[in-house]
Amino acid sequence: MSDTAQQLSERFISLTGREPDGLWSAPGRVNLIGEHTDYNEGFVLPFAIDRRTRAAVGLRTDRVIRVTSTFDDTSVEFQLTELDAAHTAGHIVGWSAYPLGVAWALGQHGADLTTVPGVDIIIDSTVPVGAGLSSSAAIESSVALALNALWSLGFSREKLAQVGQLAENEVVGAPTGIMDQSASLLGESDSAVFLDCRSLDVAVVPLGLAQAELSILVMDTRVSHSHATGGYAERRAACEAGAAAMGATSLRDVNVSDLDRARELLDDVTFRRVRHVVTENQRVLDTVRVLNEEGPLAIGALLDASHLSMRDDFEISIPELDLAVETAQAHGAIGARMTGGGFGGAAIALVPYESVAEIENAVKEAFAARGFAEPVTFTVTPSTGAERNNTE
Ligand code: ADP
Ligand code: MG
């Protein structure tokens with residue numbers, strides 16, 4: 001079980017002998033729509049969820065950064081002045097790369113790691129790992145917000161998102177975009193974060209789920225995926241090749257009206273990869289417009305179309321994800337789609353409150369009937385982004 005705020009403070013006291021200077025927390029995220037659009041300089045629409053990582057943080061009198069997780073109760077420490085050399089030497093490994101990577105990345109963005117005081121950081125999380133809910137960004141964002149305050153850096157949340165991404169790209173070594181950190185830092189209650197991955201412009205879009213009495217059900221297939229698999233690299237390469245053949249710097253500059261030309265220029269596989277990204281960008285824009293004009297009950301068809309595009313054109317779904325989506329749709333979901341990078345992970349469904357239990361049962365039964373491992377299902381609530389919390 002994860003710690004309450006008070007338990008985490010007590011844990012900090014027993015580890016360090018003093019009170020933390022504060023508690024910060026940051027959420028994981030779910031992407032409502034906009035998949036594989038981020039690295040094509042397109043649009044995404046994630047929201048922050050009610051599963052959070054907390055960080056209890058206190059300044060030290062020396063220049064050591066020590067990070068501890070309730071995950072495995074291990075601690076890792078470095079001199080702040082040695083972080084850069086440790087990173088270059090490949091000595092920052094395992095989970096500690098997330099919080100230590102943030103400290104390093106703050107240095108890259110202008111924090112003077114030779115003068116800031118050392119810190120003790122204990123993290124504790126209710127974001128499940130590897131379910132596609134970005135437990136990683138939750139760590140990065142909570143630690144970034146805490147160090148920004150305790151080191152008096154004055155960085156904006158947008159900049160802290162870039163800090164988290166830099167940590168993940170360079171120190172963890174995962175080639176991810178800026179979506180996860182943006183959702184975790186900029187999310188608001190019952191709202192999504194509309195992000196233009198080219199300009200990095202951000203707008204908070206009210207979802208209105210509470211008023212429409214809708215839940216978002218996560219159906220985690222428990223099939224694990226990895227960014228390291230060839231499928232992800234192949235998709236990125238196809239997008240780049242498609243854009244180049246179309247004379248565009250990125251698929252962001254290819255529109256739905258250009259698809260006839262794309263079909264003539266490109267081989268079938270590359271064309272379908274391109275069509276997914278181009279139509280998905282349009283679906284994100286349409287979802288934002290429909291949310292604003294009609295509300296969440298009207299976005300179901302866009303979610304459904306997004307899933308079919310990933311299944312048939314981008315070819316990143318798996319039978320478990322398709323089954324979860326189809327079963328939810330058959331049992332009253334407004335719309336459903338796989339979410340995340342694909343080849344495993346979770347699907348989401350937009351579901352009337354009264355249908356949640358029925359859909360959860362139906363999905364579990366359908367998985368059992370097909371001989372698939374039992375999925376884990378739970379609802380998530382679009383929630384506030386990273387914040388400082390009271391210590392009790
Ligand atoms: P996701 O972000 O989708 O959950 P990632 O592979 O990006 O998956 O990040 C998961 C990694 O984040 C874990 O392998 C671990 O290194 C780290 N992590 C997540 N939660 C914690 C935690 N509570 N304590 C320490 N490390 C964690
Ligand atoms: Mg992650």
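Does Tyr-232 count as buried, partly exposed or exposed, and how many C-beta neighbours lie inside 10 Å? Tyr-232 has 19 such neighbours, so Tyr-232 counts as partly exposed. The model described here is predicted.

## Overall fold

The protein chain contains 13 helices and 12 strands. Its radius of gyration is 21 Å, close to the 21 Å that the globule rule gives for 392 residues, so the chain is as compact as a globular protein of that length. The C-alpha trace spans about 65 × 50 × 40 Å along its principal axes.

Of the 392 residues, 49% count as buried. Among contacts between residues at least 6 apart in sequence, 71% join residues at least 24 apart.

The chain is divided into domain 1, residues 5-204, and domain 2, residues 207-380. The C-alpha centres of domain 1 and domain 2 lie 27 Å apart. Domain 1 puts 28 residues into the contact, and domain 2 puts in 35 residues.

On the side of domain 1 that touches domain 2, the elements that give two or more residues are strand 1, strand 2 and strand 6 (191-196). Strand 2 gives the most to this side, with 7 residues. By residue type, this side of domain 1 divides into 13 nonpolar, 9 polar and 6 charged.

## The annotated binding site

An unreviewed UniProt entry places the feature "binding site" at Glu-35, His-36, Thr-37, Asp-38 and Tyr-232. These residues span 198 residues in sequence, yet no two of their C-alpha atoms are more than 13.0 Å apart, so they gather at one spot.

His-36 is found in the loop between strand 1 (22-33) and strand 2 (43-59), while Tyr-232 has its place in helix 8, residues 230-245. His-36 has 25 C-beta neighbours inside 10 Å and therefore counts as buried. The cut-off for buried is 20 or more, so Tyr-232, with 19 neighbours, counts as partly exposed. Leaving aside neighbours within four places in sequence, His-36 is in contact with Arg-235, His-276, Val-277 and Phe-314.

## Helix 3, a mostly covered helix

Helix 3, residues 97-108, is mostly covered, with 10 of its 12 residues buried. The buried residues are Ala-97, Tyr-98, Pro-99, Leu-100, Gly-101, Val-102, Ala-103, Trp-104, Ala-105 and Leu-106.

The cover over these buried residues includes strand 3 (64-69), strand 4 (75-79) and helix 2 (83-88). Strand 5, helix 4 and helix 5 (157-172) are also among the covering elements. Helix 3 is followed by Gly-110, whose phi is positive, near 120°.

## The C-terminal annotation and residue pairs

For "domain: GHMP kinase C-terminal", an unreviewed UniProt entry lists residues 298-368. The end C-alpha atoms of residues 298-368 lie 32 Å apart, and the span is 56% helix and 15% strand.

Ala-305 is found in helix 11, residues 300-314. With 18 C-beta neighbours inside 10 Å, Ala-305 counts as partly exposed. Ala-305 and Arg-337 are 32 residues apart in sequence, and their C-alpha atoms are 8.1 Å apart in space.

Ala-241 has its place in helix 8, the helix that holds Tyr-232. Ala-241 has 15 C-beta neighbours inside 10 Å and so counts as partly exposed. Ala-241 and Thr-16 are 225 residues apart along the chain, and their C-alpha atoms are separated by 53 Å.

How values were computed. Residues are numbered from 1 along each chain as its sequence is written. Chains are lettered from A and ligands numbered from 1 in the order in which they are written. This is a predicted model: local features need pLDDT of at least 70, side-chain atom pairs count only at pLDDT 80 or more; totals for chains, interfaces and linings use all residues. UniProt positions are given in the numbering used here, feature names are shortened, and annotations may be inferred rather than shown by experiment. Helices (H or I, at least four residues) and strands (E, at least two) are DSSP runs, numbered from the N terminus. Two residues are in contact if their C-beta atoms, placed from the backbone, lie within 7 Å. Domain bounds come from an automatic or database domain assignment. Ala, Val, Leu, Ile, Met, Phe, Trp, Tyr, Cys and Pro count as nonpolar, Asp, Glu, Lys and Arg as charged, and the others, Gly among them, as polar. The radius of gyration is taken over C-alpha atoms; the globule rule is 2.2 Å times the number of residues to the power 0.38.
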